[in-house]
Structure formats: structure tokens, C-alpha cells
Amino acid sequence: MVIKDMVIKDIFALGQYPERLEWKFFRPGVDIYRLYDEGPTGSSAALLKYAPGATVPKHEHTGYEHIVVLSGTQRDHNGNYGAGTLVVNEPGTQHSIVSESGCIVFIVWEKPVAMRADKTAT
């Protein structure tokens, strides 16, 4: 799925007005707004909206993952990331995510991630 000619104005204000987008269920506590998806082996990009306390279980990056925190904070084993933070995870790295206060992030996956059996969030 590719959405052509998309424009989201004032994206850093999205945390104040998340209802501007039609979010879909992604996983418990996390909703998604897909920007594009090039299939099971291709790249994809999305906005993710975490409810307070939401987690994403441990997963491995099969390609680069780029995250920009637009509002709120999220945490992994490397630290806490607030609004305005860019995180780039290399292929072969693993982490889990938790957002105690909730957050909205812009995320680009070069390739799909592989979920792991260990579901502990850090």
C-alpha cells in the first residue's frame, strides 16, 4: 500500500490533536497510521500512537529502523527518548519498547522486524 502525495502539516502538534488521523489497531495499547507498506519483504513507514503504559515486545531489526519521537516519551534498554529525538537502530539489533506516559512516533522500517519469544519490555 502506498499513499501518494501525503502531507501532514505541523506534525509535531499531532500529540495535541491525535484525532486528526484515522488510527487503526496495531497491538494492545498501540495504534498505527500507515504511510506506506511495500509488502512482507519491503520497507514501510507509519505513525504509532502509544497509550500510557503500552509496550512493544522484543524484536530484531532485519534492516534499519528510524524513529522520530513527535510527542511524549518512549524507552528501551539504551535510554529514554523525548519529543524531538531521532533513534536509528541498525540491522541485527534487538530491543523492546515501553512508553509510560504515552507517545506518538514517526517510524520507518527498511525491512520488517522479527518478533522474539521474550516479550519482556525494557
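**Side-chain pairs in this model**

Okay, let's start with arginine 75, which makes a salt bridge with glutamate 100, with the closest N and O atoms 2.3 Å apart. This pair ties together distant parts of the chain: arginine 75 sits in strand S5 (residues 65–76), while glutamate 100 is in the loop between strand S8 (94–99) and strand S9 (103–109), 25 residues apart. And just so everyone keeps it in mind, this is a predicted model.

How accessible are the two partners? Arginine 75 is partly exposed, at a relative accessible area of 26%. Glutamate 100 also comes out as partly exposed, at 44% relative accessibility.

Now, the structure has 2 salt bridges, so let me show you the one between aspartate 37 and arginine 34, where N to O is 3.9 Å. With the salt-bridge limit set at within 4 Å, that pair counts. Aspartate 37 is partly exposed, with a relative accessible area of 25%, and arginine 34 is partly exposed too, at 29%.

Buried or exposed, what's tryptophan 23? Buried: its relative accessible area is 15%, and the cut-off for buried is under 20%.

Terms used. Residues are numbered from 1 along each chain as its sequence is written. This is a predicted model: local features need pLDDT of at least 70, side-chain atom pairs count only at pLDDT 80 or more; totals for chains, interfaces and linings use all residues. Side-chain values use heavy atoms; hydrogens and water are left out. Buried means under 20% relative accessible area, exposed over 50%, partly exposed in between (1.4 Å probe, protein chains only). A salt bridge is a side-chain nitrogen of Lys or Arg within 4 Å of a carboxyl oxygen of Asp or Glu. Helices (H or I, at least four residues) and strands (E, at least two) are DSSP runs, numbered from the N terminus.
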